[in-house]
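Hi,

Here is the model I promised to pass on. Have a look at it first, and then read my notes below.

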Amino acid sequence: MNVETDKKNLQENPESRVNLLGQSETALKDFFAGLNEKPFRARQILQWIHQRNVDAFDEMTDLSKNLREQLVQVASVQLPKVISEQKSADGTVKWLFESGAGQAVETVFIPEPDRGTLCISSQVGCALDCAFCATGAQGFNRNLNVDEIIGQVTHANRNLPIRPNGKPAVTNVVFMGMGEPLANFRNVLQALELLLSDFAYGLSRRRITVSTSGVVPNIEKLGDQQNVSLAVSLHAPNDELRDRLVPINRMHPISELLAACWRYAAKRANRFITFEYVMLRDVNDSLQHADELAELLAGHPAKVNLIPFNPFQGNEFQRSRTAAIRDFQNRLRERGLVATTRKTRGDDIDAACGQLAGKVRDRVRVRLSEKRRRTTTA
Ligand code: SAH
Ligand code: SF4
C-alpha cells in the first residue's frame with residue numbers, strides 16, 4: 001500500500017488512529033519516543049488538549065510543522081459522543097454518553113457555591129450487584145477505557161461556564177457514577193494521573209475521591225500508587241447484613257476491609273476516609289445499627305456520610321424516615337464520630353446517587369439470549 005492510500009484510509013477510518021485524549025504523560029512520552037520526538041512534547045500536547053481545549057493538531061502552534069503533519073496521520077483527539085443533556089431544577093446537569101453497542105453511561109455535575117463536583121462513571125454497568133443500586137440491577141457489560149473516563153471531565157469543562165475566578169467548572173471529581181472504579185483499576189489509575197497532572201487538570205489529591213464497595217487488594221494498590229481521597233460504601237455494621245446488601249463482602253468481610261482502610265489512611269498522614277451508608281428503612285437504620293457502626297469506626301480516621309436511599313423502578317427498598325436518619329446521625333455524633341447526611345441532588349432527572357442506570361446490555365443475559373436465538377433458529 002502506498003503512502004497516499006494509507007493517508008486516505010486513516011482519514012476515512014479515524015478509529016485506526018491513536019486517540020490521545022486518554023493518554024497520560026507517561027504514555028505520551030512513550031508515544032513520542034516512537035516518533036523520535038523529545039519527551040517534552042508530552043506536556044505540550046496535554047496542555048493543548050486539557051487546558052487550552054484545542055483538538056486540531058494543525059492549531060498546536062508550538063509543535064513543528066513536520067510533527068503536526070505526522071500527528072494528523074497517526075493520531076486524533078476524540079471525545080465521547082453525547083446522547084443527551086438534562087438540567088435539574090437545582091442546577092444539577094446530567095449527560096448520557098454513548099458507549100457502543102446501543103449502550104450509554106451517565107455523568108452528573110453538581111454545582112455548589114464553593115465548588116463544582118463531577119460524578120463520573122468507570123464501567124458500563126457493574127458486576128457487584130449491590131441490592132439497592134440501579135447500576136448493579138442492570139448488570140455488567142465492560143470497563144470504560146481511559147478516553148471514556150477522562151472524556152467525561154473534558155466534556156464537562158468545555159461545556160459548563162467557567163467559575164467566577166476564571167478557573168474551569170470542575171473543581172472536584174468523584175468516582176461515584178456507574179461502575180466499581182477499583183474493578184477497572186488500570187484505566188482508573190491512568191485517568192487519575194491525568195486529573196492530578198499540572199499539565200492537564202491539576203487537581204489536588206484531596207479533590208479527587210474514589211468510591212469503592214470494597215475491592216480490598218486494589219485499595220492497597222491505590223494507596224501505594226495514587227493515594228487520592230477514599231470513600232468506602234459500607235452500608236452495614238456487621239457481616240451478616242453486609243453480605244446481603246453488598247455481596248462483595250462475602251469475599252472481603254468487614255474486618256479485612258477496615259484493616260485495608262486504616263492502612264490507606266496511615267499512608268496519607270491519617271487523612272479521613274469517608275464511609276458511605278445508604279439509609280434503608282427498617283433494614284440498617286436502627287439505633288442499634290448506629291451503635292454497632294460507632295463501635296467499628298470510633299477512634300479511627302473515619303467520617304460517615306449517610307445517603308438517604310434513592311428509589312428506582314423494580315426495587316423493593318424504601319428510604320428511611322427523616323426522623324430515623326436524624327436520630328442515627330445524632331447517635332453517631334454522640335459517640336464521637338463526624339457524621340453528615342448527603343443532600344439529595346438532581347432526583348427530578350434521576351441523577352441522584354444510585355439512580356444512574358444509563359443503558360447497559362448485561363453480558364451474561366446477552367450471551368444467553370444469543371444462545372437461545374441460535375438454538376431456536378437451528
Ligand atoms: N461502585 C462504587 C461507586 C459507585 S456508587 C461504590 O459502590 O462505592 C456511589 C455511591 O452510591 C455508593 O456509596 C453506593 O452504595 C451509593 N448508592 C447506590 N445505590 C444507591 C441508591 N439507590 N440510593 C442511594 N445511594 C446509592
Ligand atoms: Fe456496583 Fe457500586 Fe452499585 Fe454496588 S453500589 S452495584 S459496587 S455501582
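Leaving aside its neighbours within four places in sequence, which residues is N141 in contact with (heavy atoms within 4.5 Å)? They are Q103, V124, V360, R361 and R363.

Before the rest, some housekeeping. This is a predicted model, where local features need pLDDT of at least 70 and side-chain atom pairs count only at pLDDT 80 or more, while totals for chains, interfaces and linings use all residues. Residues are numbered from 1 along each chain as its sequence is written, chains are lettered from A and ligands numbered from 1 in the order in which they are written, and side-chain values use heavy atoms, with hydrogens and water left out.

Back to N141. You'll find N141 in strand β8, residues 140-143 (helices, H or I, of at least four residues and strands, E, of at least two are DSSP runs, numbered from the N terminus). N141 is buried at a relative accessible area of 13% (buried is under 20%, exposed over 50%, partly exposed in between, with a 1.4 Å probe and protein chains only). Its side chain also makes a polar contact with the side chain of Q103, at 3.3 Å (a pair of N or O atoms within 3.5 Å; within protein, one must be able to donate a hydrogen and the other to accept it, and residues adjacent in sequence count only if both atoms are side-chain atoms).

M251 is another story: M251 sits in the loop between α9 (239-245) and α10 (254-267), and is exposed, with a relative accessible area of 61%. From M251 to K359 it is 108 residues in sequence and 28 Å in space, C-alpha to C-alpha.

Now the strands. In a regular strand, side chains alternate between the two faces of the sheet. From β9 (residues 172-175), N172 and V174 point one way and V173 and F175 the other, and all are buried. Strand β6 (residues 115-119) runs parallel to β9, joined by three bridges (strands pair if DSSP finds at least two bridges between them), and T117 has N172 as its bridge partner in β9. Three bridges also join β9 to β10 (residues 208-212), again parallel, with V210 as the bridge partner of F175. The chain gets from β9 to β10 through helix α7 (residues 185-196), in a right-handed β-α-β crossover (with the strands pointing away from the viewer, the path from the first strand over the helix to the second runs clockwise).

Cheers

Key: Contact means heavy atoms within 4.5 Å.
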